[in-house]
Amino acid sequence: MRSPMKVLLIGANGQLGTDMNRVFQAAGDTVFPFLHAQLDVCSESRVAEVLAETKPDLVLNTAAYHKVEDCEKKSELAFQVNGTAPMNLAIACQKAGATLVHFSTDYVFGGYEKNTPYVETDRPAPLNVYGASKVLGEYLIPDYTDRYFVLRVCGLYGVAGSSGKGGNFVETMLKKGLAGDAIRVVDDQVLTPTYTVDLAEAVRKLVLTGQFGLYHLSAEGECSWYEFTRHIFESAGIQAKLSPVKSTEFASPVKRPSYSVLSKAKVRALGVSLPTWKDALPRYLKQRAQKTSPVPVTA
């Protein structure tokens, strides 16, 4: 891919989409931002129409049905948004000569024991409908286009908040901590929380390599949700009433991976990497305090 690019951004007002928009624009790309109300990814005809109008070099699809509990109740919608809609995008991108970037999840794993980071060739084994629907999207895209990046990401948080979820994990914990609530967080689910500004910058670098395929892309390192929460309060200077618990103590209709850390060896070989999760959080808190997003410099 050449820089600058014409970029069609789907889901532009979401947590990830907001930072994608800022990062790509700051790098000099022309971004066509579309909200869900303007572009329903499930509409094959509307997708084709928008691509014909914008003639993009790159399509960034951040649209997803990611309310994990709701996916269990509305599985048909989950498979449509996370599975067949990406297939329609792949078909449209192939016809238009555009490259597709689609985001998947660490939740494609969890169905078998592992305590070392997952590599791209590991067998998916989702524990819930959300993960299964994302696996479908991963499998369908390569069948319909050869110009794609499928990116598995993990534990996203950004200043825009996750619009569909009403904030994000960091915001929820900060609110509880400041309210003086007693907070119990699981210490037996290990992942890698990832700041969406860092992710957006890495996505652009990866796209410019032109090395299409499936990649894992998240911050470096790993921690439990409890360790992450402790770091949130330490970084924010909040004395919180925090205690670790086991996931079995929370009644949930959804099974979640106990370990879902992703290996980034494949992207690192291309010269693409993200900072550690510990490094990212203070920068998130600083950006949040400023209430403005940084203008990143991207090579």
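1. Throughout this note, contact means heavy atoms within 4.5 Å. In that sense, and not counting residues up to four places away in sequence, L156 touches Q15, L16, T194, T196 and L199. L156 and Q15 are 141 residues apart in sequence, while their C-alpha atoms are 8.3 Å apart in space.

2. On provenance, this is a predicted model, in which local features need pLDDT of at least 70 and side-chain atom pairs count only at pLDDT 80 or more, whereas totals for chains, interfaces and linings use all residues. Residues are numbered from 1 along each chain as its sequence is written, and side-chain values use heavy atoms, with hydrogens and water left out.

3. L156 belongs to strand β6, residues 156–157 (helices, H or I of at least four residues, and strands, E of at least two, are DSSP runs numbered from the N terminus). With a relative accessible area of 26%, L156 is partly exposed, given that buried means under 20%, exposed over 50% and partly exposed in between, for a 1.4 Å probe and protein chains only.

4. T105, in strand β4 (residues 99–105), is by contrast buried, because its relative accessible area is 5%. The side chain of T105 reaches the backbone nitrogen of Y107 at 3.0 Å. Not counting residues up to four places away in sequence, T105 touches Y130, K134, R152 and V153.

5. Helix α2 (residues 44–54) packs on helix α4 (residues 75–96) at an angle of about 30 degrees, with the axes 10 Å apart; axes are lines fitted to C-alpha atoms, for helices over the stretch in contact, and angles run from 0 to 180 degrees between N-to-C directions. The two helices α2 and α4 are therefore roughly parallel, since angles under 35 degrees count as roughly parallel, over 145 as roughly antiparallel, 65 to 115 as roughly perpendicular and the rest as oblique. E44, V47 and L51 of α2 meet N88, L89, A92, C93 and A96 of α4.

6. How do helix α6 (residues 169–179) and helix α10 (residues 277–290) pack, and at what angle? Their angle is about 75 degrees and their axes lie 12 Å apart, so α6 and α10 are roughly perpendicular to each other. From α6, V170, E171 and L174 meet L281, Y284, L285 and R288 of α10. The residues of this contact comprise 5 nonpolar, no polar and 2 charged, where Ala, Val, Leu, Ile, Met, Phe, Trp, Tyr, Cys and Pro count as nonpolar, Asp, Glu, Lys and Arg as charged, and the others, Gly among them, as polar.

Note on methods: Polar contact = N/O pair within 3.5 Å; in protein donor to acceptor, adjacent residues only side chain to side chain.
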